[in-house]
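Please describe the sheet and the domain arrangement in the structure shown below, giving the criteria behind each term.

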Amino acid sequence: MAHQRNKAIGVETVGMTMRFGSFTALDDVSVRVQAGSFHALLGENGAGKSTLVKCMMGFYHPTDGQIMVNDREVAIASPRDAAVLGLGMVYQHFTLVPSLTGAENLVISREKVPAVIDWAKERKALAAFMETMPFRLPLDVPVRELSAGEKQKLEIVRQLYLGRHFLVLDEPTSVLTPAEAREVLGLVREMTERGELTVLMISHKFHEVTAFADEVTVLRRGKMTGTGKTKDLDHRVLAAMMIGDQPIAALGTRALQPDDAQTVLRIDALEAVDRTGLKPIRIDGLSVRAGEIVGIAGISGNGQKEFFEILAGQRAREAGEVFVKGTPYAATRAEARALNVRAIPEEPLANACAPRMSVAENLSFRSFDIGADGKPVTWVGASAMNAFAARLAEQFKVKTASLASPISALSGGNVQRAVLARELTGDVDLLIVSNPCFGLDFSAVAEIRARIMRARNNGAAVLLLSEDLDELLELSDRILVMSDGALVYETPIADADVQTIGQHMAGHH
Amino acid sequence: MAATEIGLWGVPLAILAGAIRVSTPFIFVSLGEAITERSGRINLGLEGTLVFGAMIAYAIAYLTGSPWLGVLAAMASGAVFGLFHGWICKFPKVNDIAIGIAMMQFGLGMAFFFGKAFIQPVAPHLPAIGFGWWSSVPQVRAALDVNVLFLVGIALAIALYWAFRNTRIGLVIRVVGDSSDAARAMGLNPDAVRLLATAAGGALAAAGGAYLSLYYPGSWTEGISSGQGLMAVALVIFARWNPLGCLAAAILFGGAGALGPALQSVGVTGGYYLFYAAPYVLTLVIMIVTSSPGRAVAGAPGELSITR
């Protein structure tokens, strides 16, 4: 394993087709990934990117088509076959075992592990192996204590340790800060340039593709819609290949915020503990005025989730006050209704819906128990509820087979539209949103962002917690950075600098 | 009264002796449960396995005249119980906690059904090693009569602690317990690993039962267990899934269990029944102290149904 040079593997698919019943997930796709190249695979959710790589990795058996490895036709019946050929994959969600150390993770993933592990010998071998790697990693701490960037590097190192020289990276930077993403991709790119590695990267970030990839292939609805050198293709062309000619919701112009806008949300000396019970959350002096979007940036796990839970009434606080329009706010149903506070948590199906209840019932959660006169009702009217739900579904373009079907049957984008419809209907003075576009495709993302912008322009105060910096830069009037449970940096959008924000996200402040 | 000759020294001595004597079943059940839980499954049926193991061990020891054959037979029966639990749990949407409770009742029922014939006969006991030869005080000698299974338990705890770090099997169990996805990505079969881990846990729990019927109290009755099998599950959580922690916690519980009898022996008669409740109170206090609505348990295997 000492010498890694010129081991890069070229992989090519010829006429790859994959059908699940009558649905064609992949239609005659031929991609050539040259040895030692950095190839990007672009496409929306459901475009067939993961089906293609799963066929390459032996998880699926394609209905039709061949795979060539180093210009020789091969049969890949299982992930094990792929591994033997030197093909490896780094998944979007980490597959390292959190409670094991880096060294334990590396050794146990090997094909042949001795019954009793001689750690002195293994450590020596690992140290020698790490000498050949461009990454520096602590191998003796449990993986759960590593940062997301370190985990991503360890995933890549593990594939190389296992002797894989063709790597599929599935959205490798989705959990990294911009600086970490640049570092990891930069180092991987250098390895491809030295001929040690071939990379096929699944992505939907154009700037990453143009900055790091040599070549790009675009898929849409299972078909290949374009391929070529990245230097010949600009973002507009790539976007057209990706989404075709369907209309994209425009964000809408940013209405000017009046100078005397009322402060809607104020948070004083808020304290709580995070999920592990070990790290404190301290938020002090945050205020959001009517008609502005305040974005909270931060890497996952720095207390944003807990902060949201406190504001939504899902988590107890230890000290401090939350004021909405000057009134102390404890997130009870009565308070939320009186003060027009609405919340959209991340993963809305799990956190804002009753998955097995119907779409109509889920759409009515805010309103089913009050009548037209604003007084509590004794009997819930099914027909009124259905009429209300039908109107909302129409307005917000919620696509569902029936309003009576369970909301869990809807696609992610439609669940998010339904929750948005519920939360944005009626008067909204304060809207608290967390990662609203996570995992959604291009057009759904554009539409949801436009809705949030419209709520702002209509005078709502919006607190937007997001792990997607691009989203924050697009929507926010001000950006704050949360790190280690506290707000550590604030900038108006006009002066926002990705570099600086990224440094604060990474804890350098 | 003999205890008065050494005065109040009798209390710590009795607690020490009790800790050794009472803790042994706790050690075996909690180590077994630690293996099972580290693989990502919880087996609440160990109470039933323990009692069934006690019955089998007693019956086989009586029929063959060898207590060690009794222990082996108990372990085999415990492994069968574990395999059965593990086999049911591999089906989708099966809840391991509900199955565990059913298995507990099943084990108790089977033990009482087959054990009726063995309530009267006397089976040979497991041997003990006297570590009190240096002392002329009979109480000290009695207290330091250490049963062999206790020593085996200590060795086992150390061996498990080492094995979870230094052997392939140990690492595989931890991988499976922490992340099924990671395990599958490595080509491991989580169900198979959990099946075997549950079987191993059952075997050890049954060995703890064998101790009850073959050493202390040393006979087979239907009321032989006082909930050791259930409390050991709480103990594993208290010990943070660490075998050495299990050993320490078991000895602590054993000592607490010996508090009542020890105080009684020096003549404290008022309210000693309260002290008999010490291990149960300790269980409750530990569960309250180590739990919290706002946070997850640190160090818990990621796939465990109670912590997920």
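In this predicted model, strand β4 (residues 64–69) of chain A and β5(A) pair in the antiparallel sense over three bridges, where two strands count as paired if DSSP finds at least two bridges between them, and where strands (E, at least two residues) and helices (H or I, at least four) are DSSP runs numbered from the N terminus. The bridge partner of I67(A) in β5(A) is V74(A).

Helix α1 (residues 49–56) of chain A packs on the sheet and touches β1 (11–20), β2 and β4 of chain A, and its direction makes about 115° with that of β1(A); axes are lines fitted to C-alpha atoms, for helices over the stretch in contact, with angles running from 0 to 180 degrees between N-to-C directions. The sheet is open, with four strands in the antiparallel order β2-β1-β4-β5 (chain A), and its edge strands, β2 (23–33) and β5 (72–74) of chain A, each pair on one side only.

The domain assignment, automatic or from a database, divides chain A as follows.

| Domain of chain A | Residues |
|---|---|
| domain 1 | 11–243 |
| domain 2 | 263–340 + 427–505 |

The centres of these two domains, taken over C-alpha atoms, are separated by 34 Å, and 10 residues of domain 1 are in contact with 10 residues of domain 2, contact meaning that C-beta atoms placed from the backbone lie within 7 Å. On the side of domain 1 that touches domain 2, the elements giving two or more residues are α6 (178–193) and α8 (235–243) of chain A.

Residues are numbered from 1 along each chain as its sequence is written, and chains are lettered from A and ligands numbered from 1 in the order in which they are written. As the model is predicted, local features need pLDDT of at least 70 and side-chain atom pairs count only at pLDDT 80 or more, while totals for chains, interfaces and linings use all residues.

Note on methods
Contact = placed C-beta atoms within 7 Å.
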